[in-house]
Amino acid sequence: MSSVKFRLKANSQKAGPVGSTKGLSLFSLPALGWFVFFTIGPLVAMFYISTLNWRSIIGQSEPAGFSNYEKLFGSDVFYAALQTTAIQLGIMIPVMIPLAFMVGYYLTLKPRGHRVLRVILFTPGLISISATAMVFYAALGPQGLVNGLLEAIGLDDLTKPWLASADTALAMVIIVGLWQGIGYSGVLFAARLESVNKDLFEAAKLDGASEWRIMWRIAFPITVDFVGTLTMLQFLWTLFGSAGLILLLTRGGPGQTTTTLSLLIYQKAFFENDLGYSQAAGVVLFVIGLAGMILIRRLIRARD
Amino acid sequence: MKFSQLSGGRLGAGALVWAYGLLLAIPIYFLVVSSLKGNLDIFNDPFGLPKEWLFENYSEAWERAVLGKALVNSAFVSIAAEIITLALVIPASYGLARSRSRLSLLIERIFALGFLIPAFATLVPVLLLSIQLGLFQRREFLTMFMVASTLSLSVILLTQFMRTIPAELEESAMIDGLNRFRIMWHIYLPLSLPGVSMIVILNFLAYWNEFLFSLVLVGSNADNRTVQVALPTLIDQTKTEFGPLLAATVITLIPVYILYIVLNRRLENALTAGAVKG
């Protein structure tokens with residue numbers, strides 16, 4: 001990650017005060033200890049739990065070797081969840097990132113009303129998952145906003161329970177994700193683009209380049225590192241973070257149509273009390289996250 | 001704006017962005033008007049103003065979801081987590097900003113990489129940890145976990161901020177005989193207040209809005225649950241009263257929007273810095 005590299009460089013270049021800095025690292029030990037205890041420790045524990053047969057949160061566990069993984073790779077639910085996750089990511093990321101970049105670029109042009117627009121685009125970043133889910137639960141329900149609207153314009157035939165129909169539930173989950181993600185990422189792109197020296201843009205404009213060309217041929221390459229970072233973050237947030245929203249919107253249904261890998265981990269642990277299986281799926285999710293991060297980094301590097 | 005600047009592409013882009021803005025605004029409008037309606041009115045006229053203004057939706061939501069208690073619980077968790085986070089992050093950032101040792105470099109690296117660990121991956125082990133410690137269904141454990149979940153980003157951001165404070169200040173203070181703790185408290189803390197307020201804002205949003213861990217670690221018992229967990233309890237599998245449900249949603253948003261109105265620019269900067277620099 002570029003910013004990580006940057007930070008480490010900054011640290012070595014800009015030395016501390018002349019004189020002793022001994023003992024200063026001790027100041028960060030309480031924070032480090034806290035972080036290791038509540039984050040890194042549990043992460044390591046996930047790998048261990050995935051090798052246990054553990055059928056109840058308050059019950060006893062016994063070693064099970066790799067049998068949870070055998071069960072996982074032999075179960076249809078796992079492949080279905082994998083496919084759902086792939087569809088979700090495969091649509092959300094390629095749609096979200098370019099649109100968000102365009103929104104961000106548009107904001108930096110400071111068009112009329114851009115302050116208002118910025119506030120609106122920020123809104124999903126302020127609202128919790130449960131509030132978002134409640135709004136869409138109401139809007140997409142059988143008696144909600146969308147159906148009411150369709151009836152009002154005479155398209156009664158198209159009304160349906162959007163979240164409870166097998167053919168639309170996943171699309172709705174993706175749309176809510178995009179609703180949340182595009183505006184917020186757009187504002188982030190705008191913040192990054194604002195720190196770019198605008199002379200280049202002006203020069204290109206004088207040469208007669210269109211905004212579209214300036215956006216993709218100049219602004220995009222300059223900020224490609226940040227595009228990569230944000231793509232990576234959105235990838236991780238979608239991959240791991242979708243469980244809460246889906247749990248509230250559809251509980252993974254109807255059937256299994258909206259059960260992503262992260263929701264499967266939740267369901268197996270808390271609905272079916274199979275902690276070993278759940279954490280084996282957790283390990284797979286973790287590996288996918290890591291592989292995806294490396295892949296996105298490679299893709300960005302290759303563009304340079 | 002000069003007319004020549006209004007190229008077709010730009011107009012098209014503008015129309016698209018505003019259309020998207022509208023898509024964002026419509027559900028929010030729907031949320032607010034529907035919170036004052038009954039089910040029938042919501043369905044028959046989703047965009048119209050309420051035929052009857054049902055302000056009692058708010059009192060009904062308040063009572064049925066026991067929101068008073070939930071708000072107190074959320075406030076408890078958010079405030080306690082803020083205090084612990086600052087107590088850990090300020091010294092850590094000061095140390096990391098000024099130390100040149102290998103250990104510091106390593107610790108900084110752990111936090112930088114730790115930022116990429118998705119909290120969700122640790123959900124089940126963290127639950128088991130809370131049971132092991134005898135703190136299951138306690139707000140205190142949720143608080144401690146939330147601190148950990150925001151620690152790495154907070155340390156990264158504040159360390160960057162403290163690095164911009166000239167080291168000469170510290171040197172002259174040491175010549176004056178101040179020890180490290182006093183330097184941190186009397187020099188670094190006051191000078192890094194903008195950075196501190198940034199992480200306080202960023203973390204408040206994270207704490208107040210957290211849902212999944214609050215659900216799993218504390219549960220939906222009306223005495224302990226946070227607002228985000230209380231909210232979905234108003235969904236009824238057979239027949240949901242949408243008016244009170246959306247009224248409760250509005251109530252949970254009020255603290256965040258008050259913050260946004262008061263801190264507007266600062267809050268935007270905090271949110272963007274959180275992702276841009278992290």
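1. Let me start with Asp274(A): its relative accessibility is 5%, so this residue counts as buried (buried is under 20% relative accessible area, exposed over 50%, partly exposed in between, with a 1.4 Å probe and protein chains only). The model is a predicted one, in which local features need pLDDT of at least 70 and side-chain atom pairs count only at pLDDT 80 or more, while totals for chains, interfaces and linings use all residues. Residues are numbered from 1 along each chain as its sequence is written, chains are lettered from A and ligands numbered from 1 in the order in which they are written, and side-chain values use heavy atoms, with hydrogens and water left out.

2. What does the side chain of Asp274(A) meet in a salt bridge? The partner is Lys71(A), at 2.9 Å from N to O (a salt bridge is a side-chain nitrogen of Lys or Arg within 4 Å of a carboxyl oxygen of Asp or Glu). Asp274(A) sits in the loop between H12 and helix H13 (275–303) of chain A, and Lys71(A) in helix H3 (residues 67–73) of chain A, so the pair ties together parts 203 residues apart in sequence (helices are DSSP runs of H or I with at least four residues, strands are runs of E with at least two, and both are numbered from the N terminus). Lys71(A), at 37% relative accessibility, counts as partly exposed. Arg55(A) joins Lys71(A) and Asp274(A) in a network of salt bridges. Over all chains, the count of salt bridges comes to 15.

3. Now to chain B, where Glu170(B) and Arg180(B) form a salt bridge whose closest N and O atoms are 2.7 Å apart. Glu170(B) belongs to helix H8 and Arg180(B) to helix H9 of chain B, so this pair ties together parts 10 residues apart in sequence. Glu170(B) is buried, with a relative accessible area of 0%, and Arg180(B) is buried too, at 14%.

4. Helix H9 of chain B deserves a look of its own. Its 12 residues (180–191) should span 16 Å at 1.5 Å a residue, and the end C-alpha atoms are 15 Å apart, which agrees (the expected span is 1.5 Å times one less than the number of residues). Asn179(B) caps the N-terminal end of H9(B), with a side-chain oxygen 3.1 Å from the backbone nitrogen of Phe181(B). The buried residues of H9(B) are Arg180(B), Ile183(B), Met184(B), Ile187(B), Tyr188(B) and Leu189(B). An α-helix has 3.6 residues a turn, so residues three or four places apart point the same way. Which helices are included in what covers the buried residues of H9(B)? They include H4 (67–98), H7 (139–163), H8 (167–175) and H10 (193–209) of chain B.

5. Another salt bridge in chain B pairs Lys51(B) with Asp45(B), at 3.9 Å from N to O. Lys51(B) is exposed, with a relative accessible area of 64%, whereas Asp45(B) counts as partly exposed at 26%.

6. Some backbone details may be worth checking by eye. Gly253(A) and Pro254(A) are joined by a cis peptide bond, with omega about -5°. Pro254(A) is in the loop between helix H11 (224–249) and helix H12 (261–270) of chain A, and Arg251(A) is also placed in the loop between H11 and H12. Arg251(A) has phi near 55°, a positive value in a residue other than glycine. In chain B, Val66(B) has a positive phi near 45°; Val66(B) lies in the loop between helix H3 (56–64) and H4.

How values were computed: Contact means heavy atoms within 4.5 Å. A polar contact is a pair of N or O atoms within 3.5 Å; within protein, one must be able to donate a hydrogen and the other to accept it, and residues adjacent in sequence count only if both atoms are side-chain atoms.
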